[in-house]
Amino acid sequence: MSFYISKVTATGTGKTPAIVTFNRGLNIICGVSDSGKTCVLKSIQFAMGVIRKPFEKEQTGYDRVSLDITTPNGSLKLSRSIGRNIVNVVSDIASIDSGDYDIEYKGSGNKRPVLNELWLKLIGINKLPMIISTQDFTRQRLKWNTIMRLFWLKEQDIENPKSVLLPSSPTQEPYFFAVLLFLLAGNDYPDAEEQDKDEISKAKRDAVRQFVNGRITQMSKKREELQKVLFSFDNFDIELEMQKLIDNLTETEEAIVAATAESKDLLSTLLDFKEKESETKVTYSHFQSLKTQYTADIKRLTFIVDGEKHIHSLDKNKKCPFCDGNFQPKEKESYIEASRAELNRIIKQLQGLSESENDVVSILNDTEQKIKNIEERRTEIEDWINSELTPLADKLKEGIQQYRTYIQIQQESDVLHNVSQEWITELQKQENNQDSNKPKFKPKEHFPVNFNSRIDEIAYSILTDCKYENLNTAHFNMGTFDLEVNGYAKEDSHGKGYWAFINTVLGLTFRKYLQEDALYKLGLFVVDTPLLGLDQGVEDNAPTSMRTALFQYFIDNQSEGQMIVVENTKDLPDLEYEISGAKVIEFTQNKYESKYKESRYGFLHDVYSD
């Protein structure tokens, strides 16, 4: 969307509205000094929201300014009262709302839309970008006021010996360049991360240094404690001593294993002998029982034989005790021989039993002796293991553990030393590098590669059209962001008149470049007094030709967009402006009769010069 200013109106209670209308091409406001020419421009700036007041309302009676804007999509009317930071907008453009707009952004947020974003929409920027404003990638909103430096050359800046485009403060230059880059390509470098400012970086470095030193101090104290422990191991070849202990422990553990195995074998043998002992005792017990039985049998048989001998020694009873009759006693069978044979057999068995009993006793005694020997050996082994081998193994293990502790402490000490050194190294790197690795935003490195050549080409063409005297070369110095004509910087050649002229050419050059190469085109160009002082200290012929050529350039290029030029009538070249389509408004202060169609005393009615 492009736009042009169609009318500016100043109103006040009881005052006749002061109106100046413009066409979409060249508009020239001329007149005598202090007739209100610049006041027209200030009124426009006031309605745009970039200055606080255009004139004194108490002295003039005017207290409100309206600005009519025409675009291909419709028209706008902006109205602002002096003393208020609110602009009322009446819009018939679909993308722009009617209503009150704030002039400034507020820290707590704006309840109303902000006028800055309305102007951005008029040149096609529908979403407010955040523009990099410092080398540290700090961002701020894209501001219309900054964009105006590219198309609005103020009277107080027109004689600037430095670049008329650059802001007054060098600290604002990165932001200005970033704004220009955004207009050229729409790139706000969204991936660029904001970097810490130098003072913040220094504060962070100090904090890191303090933190690192604190950690190193802690590690040094810990390492000092470890070193004291290690000192007790001095004069020892730790690895050699530890290997000796390990070898001794291995031998001791092997001895324990062998002794344990022997004890285990002895136990197995002992159990066998125990079983044999038990069986032998059982056999012996059986023999004792059998011996008792044999002895009883012998006594029983002896008793039978003795009894029978005693019976035969007695007389036989031949009378019946009941009837006293005689009878013949019956002869009884004798058991003596049979008992004698049985007795002999038992005696032989008893003799055999005694021999066997002796053998069993002998076996039992031998077994019990072996059991005793085994138990004594096992006791010796257990005592050896428990009283010698195991304590020795424990002592060796303890010694090995101590050496391992030494090694661990040594390793911990080494780690603490290495970590401390690494901290020191990193700290040294940080102190040496300072901010060398911190990326800096260098907007000039992002300009198109042909930026200089295009500006040189356009500037030379305009200077040629403007008949710059003795023109040889035109070069745009990226360092000063200014034009150098014939190898001279502006402030090194000629006087203030030439400064104003060259500043105007520089403004026209950027206007043309942006129109042809930029993504967002501005269209509007405003210059206040481009011929200021051009006749000072130079011959009349050359300035006259240059003045005439400059305004002829305005006429010839008015189709590229609206131009509003303010100039003193006495310096205004005599050209056919109105015939060429330009609109001329002259403020005469009634000192003479204007030759132009539209003229009056001054901008504001009934306001007279002293």
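How many salt bridges does the count come to? The count comes to 27 salt bridges, each a side-chain nitrogen of Lys or Arg within 4 Å of a carboxyl oxygen of Asp or Glu.

This is a predicted model, in which local features need pLDDT of at least 70, side-chain atom pairs count only at pLDDT 80 or more, and totals for chains, interfaces and linings use all residues. Residues are numbered from 1 along each chain as its sequence is written, and side-chain values use heavy atoms, with hydrogens and water left out.

**Salt bridges**

| Pair | N to O distance | Relative accessible area |
|---|---|---|
| Lys53 and Glu56 | 2.6 Å | Lys53 41%, Glu56 31% |
| Asp102 and Arg112 | 2.8 Å | Asp102 3%, Arg112 31% |
| Lys274 and Glu375 | 3.5 Å | Lys274 35%, Glu375 33% |

Burial follows the relative accessible area: buried is under 20%, exposed is over 50%, and partly exposed is in between (1.4 Å probe, protein chains only). Asp102 counts as buried, whereas Arg112 is partly exposed. Lys274 is partly exposed, and Glu375 is partly exposed.

Helices (H or I, at least four residues) and strands (E, at least two) are DSSP runs, numbered from the N terminus. Asp102 sits in strand S7 (residues 99-102) and Arg112 in the loop between S7 and helix H3 (115-122), so their bridge ties together parts ten residues apart in sequence. The bridge between Lys274 and Glu375 links distant parts of the chain: Lys274 is in helix H7 (residues 238-312) and Glu375 in helix H8 (residues 336-433), 101 residues apart.

There is also a network. Salt bridges link Arg454, Glu457, Arg511, Lys512, Glu516, Asp517 and Glu560.

Asp528 lies in strand S14 (residues 525-528). Asp528 is buried but has no salt bridge. Lys37, the nearest side chain of opposite charge, is 7.0 Å away. Here Lys and Arg count as positive and Asp and Glu as negative; His and the chain ends are not counted.

What does the side chain of Asp528 make a polar contact with? One partner is the side chain of Thr38, at 3.0 Å. Another is the side chain of Thr529, at 2.8 Å. A polar contact is a pair of N or O atoms within 3.5 Å; within protein, one must be able to donate a hydrogen and the other to accept it, and residues adjacent in sequence count only if both atoms are side-chain atoms.

**Aromatic pairs**

The whole structure holds 27 aromatic pairs. Rings of Phe, Tyr and Trp (its six-membered ring) pair if their centres lie within 6.5 Å; planes under 30 degrees apart count as stacked, over 60 as edge-to-face and the rest as tilted. Phe176 and Phe481 have ring centres 6.1 Å apart and planes at 90 degrees, so this pair is edge-to-face. Phe176 is in helix H5 (residues 173-185), and Phe481 is in the loop between strand S11 (474-477) and strand S12 (482-485), 305 residues apart. Both Phe176 and Phe481 are buried.

Phe481 also pairs with Phe510: the centres are 5.7 Å apart and the planes at 40 degrees, so this pair is tilted. Phe510 is buried, with a relative accessible area of 0%. One aromatic cluster is formed by Phe176, Phe177, Phe447, Phe451, Phe476, Phe481, Phe510 and Tyr513.

**Backbone**

Most residues other than glycine have a negative phi. Gln589 is not a glycine, yet its phi is positive, about 55 degrees. Asp606, also not a glycine, has a positive phi of about 65 degrees.
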